[in-house]
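Hi,

Here is the structure I promised to send over.

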Amino acid sequence: TPDVRPLVAGNWKMNGTRASLDQIKAIAEGVRPPLADKVEALICPPATLLYVATALCTDSPLSIGAQDCHQKASGAHTGDISAEMIADSFGTYVIVGHSERRTDHAETDHLVRAKAEAAFAAGLTAIICIGETADERRAGQALDIIKRQLSASVPDGATAENTVIAYEPIWAIGTGVTPTSGDVEKAHAFMRAEMAARFGDQGRKMRLLYGGSVKPANAGELMGIANVDGALIGGASLKAADFLAIYRAYE
Ligand code: PEP
């Protein structure tokens, strides 16, 4: 997309201990100009590593974010972390509405929208995840699901600055299976049209990531599709060499 700085983002999920900080260090060293001026890189480690990870990145353009936040800023919510806490740990992004959160914690579009609003209030950029199931795709409902999730999960206050959309077909996450380039192109063109209709110029510049089994071997093709402004990467983001190989698909 013209005038858009792509984002290559890693989601470590519930993986990573202090030993994994070596991978963060290696990624931080590998993300540098001139490519870093053109393409942004982000790692979202588990919350236990967030503060240490940001401390390791003070001299690197690598951004650090979290994988979820509570919809409230503070209070009696045992076990949860707020967007304020992420910002206080120098995180700049938070993933909201990942399909694993929607499934494991019964998160609804309504809740995801509230979490994105909490992220905005804390000055974070929200990566709002959407995507259809295998059954929905088979039934020919993929675009209907995308439309509903976009309209219900994305807050009215979304801008190209505070919001990134990640299209992650659920059947492509962690499976090694990806949609055809044609299907990704169709989904992303549809999302672009929806966001432009609702947010005008901000929607035209909003980054639309593809996620689901992105690997070094398929990154070039997927990142080259129109309206794909980067990737959200699970498994392949755990190893610095794989993550950097995907990042360098933009070289
Ligand atoms: C994800 O969970 O966001 C994801 C895309 O996972 P994977 O790359 O492992 O399919």
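**Loops, barrel and ligand**

Proline 34 sits in the loop between helix 1 (21–30) and helix 2 (35–38). The peptide bond joining proline 33 and proline 34 is cis, with omega at about 5°. Keep in mind that this is a predicted model.

Most residues other than glycine have a negative phi. Lysine 13, in the loop between strand 1 (7–11) and helix 1, has a positive phi of about 55°. Serine 213, in the loop between strand 7 and helix 11 (216–223), also has a positive phi, near 55°. Are they buried or exposed? Lysine 13 is partly exposed, because 18 other C-beta atoms lie within 10 Å; serine 213 has 22, so it is buried, the cut-off for that being 20 or more.

Now the fold: 8 strands close into a barrel in the order 1-2-3-4-5-6-7-8, with parallel pairing. Neighbouring strands are turned by 25° against each other on average, direction ignored. Strand 6 (residues 163–167) and strand 7 (residues 207–211), for instance, share 4 bridges, and alanine 166 has leucine 209 as its bridge partner.

Leucine 209 turns up again in the largest nonpolar core, among the residues with the most contacts inside it. That core has 67 residues, and strand 5 (residues 125–130) gives the largest share, 5 residues. Alanine 231 is another of the residues with the most contacts there; its contacts beyond four places in sequence include Val8, Leu209 and Ile246.

Finally, the ligand has 13 residues around it, with Ile173, Gly174, Gly211, Gly234 and Gly235 the closest. By type, the shell is 5 nonpolar, 7 polar and 1 charged.

Cheers

Terms used: Residues are numbered from 1 along each chain as its sequence is written. This is a predicted model: local features need pLDDT of at least 70, side-chain atom pairs count only at pLDDT 80 or more; totals for chains, interfaces and linings use all residues. A residue is near a molecule or strand if its C-beta atom, placed from the backbone, lies within 6 Å of it. Ala, Val, Leu, Ile, Met, Phe, Trp, Tyr, Cys and Pro count as nonpolar, Asp, Glu, Lys and Arg as charged, and the others, Gly among them, as polar. Two strands pair if DSSP finds at least two bridges between them. Helices (H or I, at least four residues) and strands (E, at least two) are DSSP runs, numbered from the N terminus. Axes are lines fitted to C-alpha atoms, for helices over the stretch in contact, and angles run from 0 to 180 degrees between N-to-C directions. A nonpolar core is a set of buried Ala, Val, Leu, Ile, Met, Phe, Trp, Tyr and Cys residues joined through C-beta atoms within 7 Å. A residue is buried if 20 or more other C-beta atoms lie within 10 Å of its own, exposed if 12 or fewer, and partly exposed in between; C-beta atoms are placed from the backbone. Two residues are in contact if their C-beta atoms, placed from the backbone, lie within 7 Å.
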